[in-house]
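Me: I have a model open and would like to go through it piece by piece. Could you start with the sheet?

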Amino acid sequence: MTYAINTKGYYGEFGGAFIPEMLYPNVEYLRNNYLDIINEEGFQKEFRSLLKDYVGRPSPLYFAKRLSAQYKTNIFLKREDLNHTGAHKINNTIGQILLAQRIGKKRIIAETGAGQHGVATATVCALMGIECIVYMGEIDIKRQAPNVARMRMLGAKVVPAKSGSKTLKDATNEAIRDWINHPEETHYIIGSVVGPHPYPDMVAIFQSVISEEMQWQLKEQIGSPNPDMIIACVGGGSNAAGAYFHYLDNTDVRLVAVEAAGLGVDTGESAATSVLGTKGIIHGSRTLLMQTPDGQIVEPYSISAGLDYPGIGPMHAHLIDSGRAEAVSITDKEALDAAFHLTRIEGIIPALETAHAFAALDKIKFSEKDNIVINLSGRGDKDLETYIKYLDQQ
Ligand SMILES: *Cc1c(COP(=O)(O)O)cnc(C)c1O
């Protein structure tokens, strides 16, 4: 029994590649070649070197002393917020730009919610001198203005998605449409562990450097590579996949997946897919998603643009459906309070997405002896306007 992907591209009954015919050659080529390309010695050398000297890895594993004392347990923070561009997203975009170069693609497209993946993609395109087009929901363009400015400064073209809820799902639809129209020259850098196989596995492999480092960092600090619990927020699930990766089949390690409840799971304004979702197909894979009984996507809502997505990656659908991972949902308000709490007790301003993971500490049981790792997926600079507005309302 393994929780890893099988050779057909499935996690249990979730995953697969459900794609329009026009994309079949691209996706099939990736499927047949991605593992060979990634595992090739020259690729690994360049990938590892960029992670070290450009991204600034390894990211520290920080023992949060005051937070631990308050919760009467041992809490370690995996500091992905300290990466270049401020989140875990860059681990994946570095990997995928190297892959795009090796398969001869000259044009990069991406979707983005909070703008972190757009910035990370625009960054690696600038680094390699490759054309970059980023699709972003019109609403997200407004609520994440600093990241839009960064993308433009980096030379990317930011294209607004104006359909549906004008957020991440709609940006993803636009990116897929672009890819269908320009399949020959374009590589689509998907920003999370979603989409058709092999994307979920490819992105998880690039992000798995997070748990690879956690293993030796924990060994150094507590004498064992294994924590008792790993907590991560889940939008599509890439930072969680990276933090869980090397522990998936080690059932002594509890995996906690934290979703955005928005205004509350029962309010109709939510993005808590594990509670509200049912089995279906979205953006090329079979997974859990929020849909009406006749299969129309339900518009998701979260204050956090990076969690505002109606599905989750197939890995997480399987982990939650099988009981391997515990799902927790956190409201906007709980996340905002947790962001201020972490900032005031440890001097670290987290991204709004990440703040959801911290709020989960109030919802789950643990013991005094436990070693808990929270994946601190990103920094909060992009969310300062939201935070200050909240502060002024208090
Ligand atoms: C994008 C983002 C997320 C959500 O995406 P995942 O693929 O679920 O990790 C979480 N935290 C931060 C800081 C992000 O930028």
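**The open sheet and its surroundings**

Reply: Ala257 has Ala327, in strand 13, as its bridge partner. Strands here are DSSP runs of E with at least two residues, helices are runs of H or I with at least four, and both are numbered from the N terminus. The model is a predicted one, in which local features need pLDDT of at least 70 and side-chain atom pairs count only at pLDDT 80 or more, while totals for chains, interfaces and linings use all residues. Residues are numbered from 1 along each chain as its sequence is written, and side-chain values use heavy atoms, with hydrogens and water left out.

Me: In which sense do strand 10 and strand 13 pair, and over how many bridges?

Reply: Strand 10 (residues 254-262) pairs with strand 13 in the parallel sense, over seven bridges. Two strands count as paired if DSSP finds at least two bridges between them.

Me: What is the strand order of the open sheet?

Reply: The order is 3-4-14-9-10-13, six strands with mixed pairing. Strand 3 (61-63) and strand 13 (325-331) are at the edges; each has a single partner strand, so one side of each lacks a neighbour in the sheet. From one strand to the next, the twist averages 25°.

Me: Which strands does helix 14 touch?

Reply: Helix 14 (residues 332-346) packs on the sheet and touches strand 3, strand 4 (74-79), strand 10 and strand 13. Its direction makes about 95° with that of strand 13. Such angles run from 0 to 180 degrees between N-to-C directions, the axes being lines fitted to C-alpha atoms, for helices over the stretch in contact. Contact means heavy atoms within 4.5 Å.

Me: Now the ligand. Which residues come nearest?

Reply: There are 17 residues around the ligand, and Lys89, Ser192, Gly235, Gly237 and Ser238 come nearest. A residue is near a molecule or strand if one of its heavy atoms lies within 4 Å of it.

Me: What lies 2.7 Å from a nitrogen atom of the ligand?

Reply: That is a polar side-chain atom of Ser377. On the oxygen side, a backbone N or O atom of Gly235 is 2.7 Å from a ligand oxygen atom, and a side-chain N or O atom of Asn239 is 2.8 Å from an oxygen atom of the ligand.

Me: Changing topic: how many disulfides are there?

Reply: The count is zero, a disulfide being a pair of cysteine sulfur atoms within 2.5 Å. The sulfur of Cys125 has its closest cysteine sulfur in Cys132, at 3.9 Å, which is too far for a bond.

Me: Is Cys125 buried or exposed?

Reply: Cys125 is buried, at 2% relative accessibility. Buried means under 20% relative accessible area, exposed over 50%, and partly exposed in between (1.4 Å probe, protein chains only). Cys132 is buried too, at 5%.

Me: Where is Ile130 found?

Reply: Ile130 is in the loop between helix 5 (116-128) and strand 6 (131-137). Ile130 counts as buried at 15% relative accessibility, and its contacts beyond four places in sequence include Cys125 and Ile97.

Me: And which helix holds Gln96?

Reply: Gln96 lies in helix 4 (residues 89-102) and is buried, with a relative accessible area of 0%. Among the residues that Gln96 touches, beyond four places in sequence, are His187, Tyr199 and Phe206.

Methods: Polar contact = N/O pair within 3.5 Å; in protein donor to acceptor, adjacent residues only side chain to side chain.
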